[in-house]
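Have the structure open as you read.

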Amino acid sequence: MTEKELRKKAMALPLNPGVYIMKNKDKKIIYIGKAKALKNRVSSYFGSHSNHSLKVIRMVENVDDFDYILCDTEFEALVLECSLIKQHMPKYNILLKDDKGYNYIKITKEEFPKIREAKQMLDDGAEYIGPFVSNFSVKSAVEETLKIFKLPRCNKQFPRDYNKSRPCLNGFMGICCAPCNGRISKEEYRASIDDAVAFLKGGAAKSVEEMKRRMLEYSENLEFEKAAKMRDRIKSISNLDEKQKVVSINVAFEDVFAFVQSNKKSCFEVLRFKHGRLADSENWIIDTPDNACDARFELIERYYSMRSDIPPRVVVDGEITDEELLRQFLEKLREKKVEIIHPQKGEHSAILNMCIKNANEHLAQYQGRLGKEMAALDELAQLLGLPKPPEIIESYDISHTFGADNVAGMVVFKNGRPMKNAYKKFAIKGFDGQNDVGSMSEVLSRRFKHYYEDDEDSTFKIKPDLILLDGGQPQVNAVLPIIRQMNLDIPVFGMVKDTKHRTRAIAYDGGEIEINSHRSAFTLVSTIQEEVHRFAITYHRTKHKKSSFSSSLLKIHGIGEAKAKALMKHFKTISAIKNASVDELCAVSGISKRDAENINKYYSEM
């Protein structure tokens with residue numbers, strides 16, 4: 001449907017609550033949303049785009065049709081929307097990728113068991129505690145347990161490795177029971193493991209109660225060494241608690257959310273507190289949305305759709321669109337009351353500030369990693385007269401051997417860094433012989449044919465902001481008409497090399513731009529040119545190697561690549577194979593007498 005037809009269909013919708021489902025031309029769902037009044041919300045997409053973000057404009061450009069489901073209430077629409085998003089994972093919805101995987105605590109099965117982190121549960125006889133969503137909590141739990149119970153972190157096996165070396169530093173410091181030096185019996189060690197597993201399963205509070213009971217019992221029985229061991233464990237737990245970021249007893253179980261933004265990227269941070277202490281920490285870097293209030297609603301909704309444990313209290317750093325609706329949604333998931341608070345002072349405010357600080361730090365780290373690349377992109381944009389720094393750069397290079405085995409490589413850089421899943425290889429099909437300009441023209445035609453015809457998931461659907469060709473003005477002049485014919489507005493430049501195959505200048509439709517004095521842009525363009533050359537020549541060498549076989553050995557009846565490789569390994573050269581007798585050929589593994597006769601006949605008739 002055209003946008004005009006879509007708007008006409010949207011204007012016929014009722015003013016009822018519901019869920020709308022946007023689909024592309026392949027009938028694939030690309031966006032799911034809820035609305036208090038379907039007609040008003042859906043029709044707003046089709047018409048003037050002056051108030052729409054680039055993301056929304058791109059989404060609308062891909063909409064070919066939409067469906068809708070009427071609901072009795074906005075809350076019912078929210079629940080349905082959440083369920084459908086989880087089911088279909090649409091491309092244009094704000095999604096928190098829950099790709100961290102599950103984590104386990106593993107207790108190995110051996111005479112002296114070890115406690116370790118594990119990414120998966122294996123059928124190895126070990127005991128596993130979990131699964132846990134957060135790697136943070138697993139690492140913390142294992143580290144605490146090893147400290148408290150003075151268990152080894154090494155990979156030694158006992159009793160095999162008894163007294164084979166001196167105890168490590170942990171043994172000398174007294175933070176490991178050092179079974180390697182025989183300081184602890186098998187029975188004592190197993191008792192410590194049992195206590196450690198009980199600690200992991202039951203938590204610190206329950207374990208401390210049990211330790212205090214046993215300490216008192218040992219004291220009454222005059223078993224002072226055992227009582228001292230319990231005392232030291234209790235003290236270790238207290239010391240760990242003091243070192244952690246601990247809040248008061250009033251913060252038994254709550255989640256704290258912060259959402260900080262910059263021009264292009266934002267960070268969504270979550271700190272989870274249980275039993276008065278920090279239990280988990282997660283963060284996501286996402287594209288900055290148009291409206292922070294809407295984003296908070298959608299992010300928190302999505303977060304709890306991925307988690308099963310909903311706290312009684314949620315702390316948020318700013319306003320939320322339809323906060324009451326979100327609270328109802330969380331209460332439905334928890335099946336108990338949920339409170340959403342915006343603290344201004346006191347301990348809750350201090351915790352929230354800590355969360356905001358963490359979010360700012362993660363965002364700063366992310367942007368710092370991109371800082372040099374963004375500076376280079378800014379300089380390149382100014383140098384080439386582009387309206388803004390190019391986010392996506394595509395680069396092409398042709399490779400061949402004196403006109404044989406013509407291939408092209410396409411590399412993609414996103415925000416100044418290689419985007420390797422979007423790299424492409426092209427075998428030149430239109431002609432034989434050396435013609436770099438013709439090859440470049442063919443490759444760009446094929447590339448943008450894919451742009452218009454491929455499915456939505458194809459990386460060919462990513463439209464570049466800049467194209468850099470390995471070559472000068474002839475290559476640029478050959479490609480520009482193709483870009484214009486396909487109604488694409490993409491700037492095209494060439495990368496001109498000097499006699500030492502290093503970047504010298506950038507060619508455009510009319511001349512060259514000197515680049516050496518612009519250090520950041522020069523480094524970026526040189527990196528791109530080296531990468532596309534490496535990628536293209538690697539593909540060419542692979543193809544040329546295969547064609548070298550196919551030019552002779554692979555043309556012989558009964559000789560495939562495996563037999564050809566065996567012959568080359570044995571004789572080293574094609575000339576030696578040509579001059580070999582049938583008996584000499586038969587001496588090669590895998591070569592039958594018939595194969596040898598065919599080889600001999602083939603070369604004798606040449």
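## Charges and overall build

The protein carries 96 positive and 86 negative charges, and their mean positions lie 4 Å apart. Lys and Arg count as positive here and Asp and Glu as negative, while His and the chain ends are not counted; each charge is placed at NZ of Lys, CZ of Arg, CG of Asp or CD of Glu.

Please keep in mind that this is a predicted model, in which local features need pLDDT of at least 70, side-chain atom pairs count only at pLDDT 80 or more, and totals for chains, interfaces and linings use all residues. Residues are numbered from 1 along each chain as its sequence is written, and side-chain values use heavy atoms, with hydrogens and water left out.

## Size and surface

The radius of gyration of the protein is 33 Å, whereas a compact globule of 606 residues would have one near 25 Å. That radius is taken over C-alpha atoms, and the globule rule is 2.2 Å times the number of residues to the power 0.38. Along the principal axes, the C-alpha atoms fill a box of roughly 100 × 80 × 50 Å.

About 31,900 Å² of the protein is accessible surface, and 50% of this belongs to carbon and sulfur atoms (Shrake-Rupley method, 1.4 Å probe). Of the 606 residues, 45% count as buried, meaning under 20% relative accessible area; exposed means over 50%, and partly exposed lies in between (1.4 Å probe, protein chains only).

## An enclosed strand

The protein has 19 helices and 19 strands, which are DSSP runs numbered from the N terminus (H or I, at least four residues, for helices; E, at least two, for strands). Strand S16 (residues 466–470) is largely enclosed by the rest of the structure, because five of its five residues are buried. In a regular strand the side chains alternate between the two faces of the sheet. In S16, Leu466, Leu468 and Asp470 are buried on one side, and Ile467 and Leu469 are buried on the other.

What does S16 pair with? Strand S12 (residues 392–401) runs parallel to S16 over four bridges, with Tyr396 opposite Leu469. Strand S17 (residues 492–497) is also parallel to S16 and joined to it by four bridges; there, Val492 is the bridge partner of Ile467. Strands count as paired if DSSP finds at least two bridges between them.

Most residues other than glycine have a negative phi. Lys27, not a glycine, has a positive phi of about 65°. Lys27 sits in the loop between strands S1 (18–23) and S2 (29–35) and is exposed, at 52% relative accessible area.

Met89 also has a positive phi, of about 45°, without being a glycine. Met89 lies in the loop between helix H4 (74–88) and strand S4 (103–107), and its 42% relative accessibility makes it partly exposed.
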